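Reader: Could you walk me through this one? I'd like to learn how to read its features as we go.

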Amino acid sequence: MAKQITIFAGHYGSGKTNLAVNYAIALRKAGHEVVICDVDIVNPYFRTKDSEEVLRENGVRLIASPFANSNLDIPSVPPETSAAFDVSGMYSVFDVGGDDSGAVALGQFADRMNEREHEMILVINRHRLLTSRPEEVVTYMREIEAAARMRFTGIANNSNLGPQTTCEGFLQSLPYADAVSRLTGLPVLMHCVRADLAEQLAGKVPLLFPVHIYGKSEWKISEERKSFFHQLT
Amino acid sequence: MGEKFLMKGNEALGEAAILAGCRNFFGYPITPQTELAAYMAKKLPKVGGVFLQAESEVAAINMVYGASAAGKRVMTSSSSPGVSLKSEGMSYLAGSDLPALIVNVQRGGPGLGGIQPAQSDYFQATHGPGHGDFRLLVFAPSTVQEVVDMVFLAFEKADEYRMPSMILADGILGQMMEPVEFPESAHVKTFEKPWATNGMQGKRKKNIVNSLYLQPDELERENFKRFERYQKICDTEQRWEEFMLDDAEVVVVAYGASARIAKNAIRAAREKGIRAGLVRPITLWPFPEKILREKAKTAKAFVSVELSMGQMINDIRLAIECTKPVYLCNRVGGMVMTPDEIEAVIVKAQGGAK
């Protein structure tokens, strides 16, 4: 059962943005009014805004800084973000910047979030070098919680190697997710895997959440510049 | 090789440097390079190393000078405007024959420019950033995996030739994530440093590391000696990758991320019956003149693909002694060319569509 507020946070590069976009679209498809808030103040690249089009097509409202993906490296949270708390019946998804430095942005909303029904999800990826061991995840988790002044409520196992992700590789991440769960006392809420692999893993993995790769593989600066990463060999 | 990890180029630069035995990092943050410094800040203290965020780039490069003079493997990193600030220190490193690694994750310029990727510091890197007659060894990886190899090589060659080396990356390579493998046990050649100012311990006379010469003839002698070394490097250290080159009529020259886009353009041109091929310089200094001179005998034309206003193109012309036309395909300011744009220039260079 989805909560009214869902926050995705964790180590940078663990796939929070793409997961947040997928989650927002899934909520919308379940019939809810959804807004997604980009509160990343750390990374000027690879932002929720990359998925602007797919969000619009799916009827998800996007609140993002006008400086995201621009030449201006300004760590700012758009003032419209407050709207996420004001509209009753609205479901909101927060895409938080990586690590504790990104989670700082969450602190200003902590009181409002804590008094509302919310889920704060720790996104983990076994194939990120600095969080490849469960104990390391715990260190990151504590730092993020301290900076955000909020507690995580669950885990999203988003273990992937980008285009080289395989079903076998993903199955190997299950014990890792369980270990993180044991160490933190948090439940694993979802095992996230690329949609084409999810089809093959159906029935083998519980709590499967198929993800589509949206903005992540693109290096978008302007309309003129087409998706850059597809041009790489 | 071990397990695969999904890493940004910036992180791979950091991890590879640590594996290569670097325990000293002095820097100052700047986009799009900051993840490298952040990685070092997290990781170096855990392996007994020193991460220090200096008060400025100028301070950082002079700390590098100090650590290197003491015989330590040391690095700094920045992006374009920050590298300009470091240029005085690089000249001092070169003038004192000190090895060090300087990483430039390039962004758009000139001036403050922008934070999107560019390759417009080519002149700066390859012609000696700073005053005086000197060179840097310049390595230009084009994948995150290659970043790892280049870091090892850059440290090794810097020590071998007692000179600073640079990894010239761009914002694309710094920011993009790709799966990488690190060697299980890093084999990095180390060199004796009998010149290091690391304590006499009653065993030797004092070492002096310095770039000031009171007598002009002495300074001239040192310059000539250094350039003999540079000549040896030009003879033995040119590195490049060849792609579909054997029968190429149109030789595309591109490095770093641009070379990956160029490969797609070359494939597309081949499908149209145009014999195009790629020389990807892996070392930008020494520039891979040998292969270009060789290809100039048979090729019809050359194409320089670069995210700058035509910088590398000059080195291509010099290498082939202007015997063949050299065309330019470029985007700047953080814009990146598409394979189609490159293909169009290949077609033009070939003499129009068949």
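Reader: Let's start with one residue: which residues is B:Arg280 in contact with, leaving aside its neighbours within four places in sequence?

Author: Contact means heavy atoms within 4.5 Å. Leaving aside neighbours within four places in sequence, B:Arg280 is in contact with B:Ala140, B:Pro141, B:Ser142, B:Glu146, B:Trp240, B:Glu241, B:Ala254, B:Tyr255 and B:Ala259. Keep in mind that this is a predicted model, where local features need pLDDT of at least 70, side-chain atom pairs count only at pLDDT 80 or more, and totals for chains, interfaces and linings use all residues. Residues are numbered from 1 along each chain as its sequence is written, chains are lettered from A and ligands numbered from 1 in the order in which they are written, and side-chain values use heavy atoms, with hydrogens and water left out.

Reader: Is B:Arg280 buried or exposed?

Author: Buried means under 20% relative accessible area, exposed over 50%, and partly exposed in between (1.4 Å probe, protein chains only). B:Arg280 has a relative accessible area of 5%, so it counts as buried. You'll find B:Arg280 in strand β11 (residues 276–281) of chain B; helices (H or I, at least four residues) and strands (E, at least two) are DSSP runs, numbered from the N terminus.

Reader: What does B:Arg280 form a salt bridge with?

Author: A salt bridge is a side-chain nitrogen of Lys or Arg within 4 Å of a carboxyl oxygen of Asp or Glu. Here the partner of B:Arg280 is B:Glu146, with the closest N and O atoms 2.9 Å apart. The rule finds two salt bridges across the interface of domain 1 and domain 2 of chain B.

Reader: Where are those domains, and how many residues does each give to the contact?

Author: Domain bounds come from an automatic or database domain assignment. In chain B, domain 1 is 4–236 and domain 2 is 241–352. The contact takes 33 residues from domain 1 of chain B and 24 from domain 2 of chain B.

Reader: How is the area buried between domain 1 and domain 2 of chain B read?

Author: Buried area is the accessible area (1.4 Å probe) that two parts lose on being put together, summed over both. For domain 1 and domain 2 of chain B that's about 2400 Å², with carbon and sulfur atoms giving 57%. B:Gln119, B:Tyr122 and B:Ser142 supply 30% of the area that domain 1 of chain B buries against domain 2 of chain B, more than any other three residues.

Reader: And what about chain A and chain B: how many residues does the contact take from each?

Author: That contact takes 36 residues from chain A and 40 residues from chain B. The area buried between chain A and chain B is about 3200 Å², and carbon and sulfur atoms give 59% of it. The rule finds three salt bridges across this interface. A:Glu143 forms a salt bridge with B:Lys42, where the closest N and O atoms are 4.0 Å apart.

Reader: How many residues are in the largest nonpolar core?

Author: In soluble globular proteins, nonpolar side chains tend to be buried together. A nonpolar core is a set of buried Ala, Val, Leu, Ile, Met, Phe, Trp, Tyr and Cys residues joined through side-chain atoms within 4.5 Å. The largest one has 119 residues, and B:Ile346 is among those with the most contacts inside it. Helix α6 (residues 144–161) of chain B gives the largest share of this core, 10 residues. A second, separate core of 33 residues includes A:Ile7, A:Val39, A:Phe94 and A:Leu186.
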